[in-house]
Every structure is written in C-alpha cells, then in structure tokens.
Amino acid sequence: MKLGGVRFSIVSDAAWAPGLDTAAAWLAWAIDPYVIAGSGEAAVSGMPAMLRRRAGAMGKMALETAYRCLDGKTDVPTVFCSRHGECKRSVELLTDLAQGQPLSPTSFSLSVHNAAAGLFSIARQDQASHAAVAAGHGGVEHAVIEACGLLADGAAEVLLVVYDGFLPEIFDEYQDCTEQPFAWAWLMQSAQEADSESPGDRGTFSLSWSRQQGNEMDAKEQGTGSGRQPAGLEVLAFYLRQDTELIRTVDGRRWRWGRLA
C-alpha cells in the first residue's frame, strides 16, 4: 500500500571521508564499496579558526561538505542528518558525571544533535533556518522529506547534509551495521523548478514509501554489524553510480528511491 512520495532535484553535491576527497575516488568507492577506515580530519578552511577548533572530527566532515556544496551561497535553509550525532562527546560527559568530575560547558554545548548546524550558522552569520534529524535506520529518508517540506513551503533551495562516524567502544555489541566516517551534502531544489539543461544539474529524483510487505526482509535482517553499510552510504552509492532505483526496507517501511532524469 503506497503511503506517499516526494520529488526533488540536486543542483550540487559534495562528499568527504578520510582517504576519499575527490569525485574520482568517491566514484571508485561507489562502484566497489569498501569499509572506510582511514584517518585524518577535514580542513574546513572556509570556517574561522576559532570555531573550527570547537568541532570534532565528525563535525568537521559535515561542515566541509556543507561549505563545498553551498560554495558561498547564503540564506539557504539546512537540514543536518546523523543517526548517532556527537555520541562520543556524550559518552565522555556521562563518564565524567559518573566519576564526579565537573562537566565542560563547551563539550556539553557541542554534544547536542544540532551542534554542527549551529556552528555552520554562526560561522557564516546566516540566519536561515536549520534542522537536525535523527530517525534511526530511515534517517536519510526522513531528512529528505524534511528538506522537501521546506521546498514546498517556498524555499528556493535547501542544503541537506548527511554524516556519521565511529561509535564509542562501549556500543560495539549493539552495532547493527559497519559504522564508518563519512559525510555528504546535496543542494536541493523542487523538481519542477530545476533546469534540466543546467550544467550544474545532478538529476531529478523521487522518494516514495509504503508499508513493508510480509515477504520483504528488513534491512536489519539483511546484514550484521560486520557486513552492512550505513544507510547514508547506501544512498550515496546509489546516487554516485547513477542507478535508476534503490529499495530499502527498514523498520516496517519500504523506501523506494528513483532517478527520473
């Protein structure tokens, strides 16, 4: 039973992960995906040093792709999406609390789920709206719906940033996919407003959803912590390979991604 759907166009994109910093490298990864296990931090050269130093490694990845994708544009609403957010900072704060240590106000302010979005807004002195989404296995899809809602409300463009990283060791036994560091961003427009002949156009896409059918296997059953890519990387590989369709069945819902043009 079909429940709904959205359409949108992508006018620019960016992606960054340790060891993957060029379009050619990302395409090679998409064709033959492997576990991203490099080291290093994104430069985020567009951000003032005082604010850049406050961001952790995962936040810097997200910010790097956001800066690259917008390329100087302002007054663009943003949607940041991360399944786990700054989980490492939160665990450090809880450990300090359990040990009776004083908590760092700075660490606390940067542990909230909209920390990267807030730093991005402050650094650019941009008062456009921003949102931070965490929705489990379907986080990317819900973030796209949020972005399309902003477009439907009249925004000319919306920036979507999807990112995640390694989880602290304390959560190892609970991992249900192979967590790894990555970030990517899309600058989105309403499908009917995009110019298909524009040299910057990256294509028009649809996302629809329906209830999971009885014979469809849930994504959580298809792989374990040692064998499945995070949702954000599954969607990125679909996009980079220019596949015509991607089906993801998670949490009782069937998501269908389609490339229209």
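**Figure 1. The largest cavity of this predicted model is lined by 22 residues.** Nearest its centre lie Arg-83, Gly-136, Pro-230, Ala-231 and Gly-232. Strand β4 provides the largest share, three residues. By class, the lining has nine nonpolar, six polar and seven charged residues. The volume of the largest cavity is about 200 Å³. How many cavities of 30 Å³ or more does a search of the whole structure find? The search finds three.

**Figure 2. The second largest cavity has a volume of about 60 Å³.** Its lining consists of Val-76, Thr-78, Ala-117, Phe-120, Ser-121, Arg-124, Asp-126, Ala-128 and His-130. Which helix gives the most to this lining? Helix α6 (residues 115–124) does, with four residues. Sorted by class, the lining of the second largest cavity has four nonpolar, three polar and two charged residues.

**Figure 3. The largest pocket has a volume of about 460 Å³.** A total of 21 residues line this pocket. Ala-57, Met-58, Lys-88, Gly-165 and Phe-166 lie nearest its centre. Helices α3 (57–70) and α4 (87–98) each supply at least two residues of the lining. The largest share comes from α4, with four residues. The lining divides into ten nonpolar, seven polar and four charged residues.

**Figure 4. The second largest pocket has a volume of about 390 Å³.** Of its 17 lining residues, Asp-13, Ala-23, Arg-202, Tyr-239 and Leu-240 are the closest to its centre. At least two lining residues come from each of β1 (2–16), α1 (23–31), β5 (182–190) and α9 (231–241). The classes are ten nonpolar, two polar and five charged residues. Look out for Tyr-239, one of the residues closest to the centre of this pocket.

**Figure 5. The largest nonpolar core has 42 residues.** Which residues have the most contacts inside this core? They are Val-144, Trp-184, Trp-186 and Trp-257. Apart from this core lies another, of 31 residues, including Trp-16, Met-58, Cys-69 and Leu-70. Now zoom in on Trp-257. Beyond its neighbours within four places in sequence, Trp-257 is in contact with a list of residues that includes Phe-8, Val-140, Val-144, Trp-186, Leu-207 and Phe-238. Glu-141, Ser-206, Thr-244 and Glu-245 are also among the contacts of Trp-257.

**Figure 6. Trp-186 and Tyr-239 form a tilted aromatic pair.** A search of the whole structure finds 14 aromatic pairs. In the pair of Trp-186 and Tyr-239, the rings are 5.1 Å apart centre to centre, with 50° between the planes. Trp-186 lies in strand β5 and Tyr-239 in helix α9, so the pair ties together parts that are 53 residues apart in sequence. Are these two residues buried or exposed? Trp-186 is buried, at a relative accessible area of 1%. Tyr-239 is buried too, at 7%.

**Figure 7. Phe-205 and Tyr-239 also form a tilted pair.** The ring centres of Phe-205 and Tyr-239 are 5.8 Å apart, and their planes stand at 50°. Phe-205 sits in strand β6 (residues 204–211) and Tyr-239 in helix α9, 34 residues apart, and the pair links these distant parts of the chain. Phe-205 is buried, with a relative accessible area of 1%.

**Figure 8. Ring pairs link seven residues into a cluster: Phe-8, Trp-184, Trp-186, Phe-205, Phe-238, Tyr-239 and Trp-257.**

Methods: Residues numbered from 1 in each chain as written. Predicted model: local features only at pLDDT ≥ 70, side-chain atom pairs only at ≥ 80, totals over all residues. Heavy atoms only, no water. 1 Å grid on protein atoms, 1.4 Å probe; cavity = no way out; pocket = protein on both sides within 12 Å on 5 of 7 lines; lining within 4 Å. Points joined across faces, edges and corners; volume = space filled by probe spheres on them. Nonpolar A, V, L, I, M, F, W, Y, C, P; charged D, E, K, R; others polar. Core = buried A, V, L, I, M, F, W, Y, C linked by side-chain atoms within 4.5 Å. Buried < 20%, exposed > 50% of the residue type's maximum accessible area, 1.4 Å probe, protein only. Contact = heavy atoms within 4.5 Å. Phe/Tyr/Trp six-rings, centres within 6.5 Å; stacked < 30°, edge-to-face > 60°.
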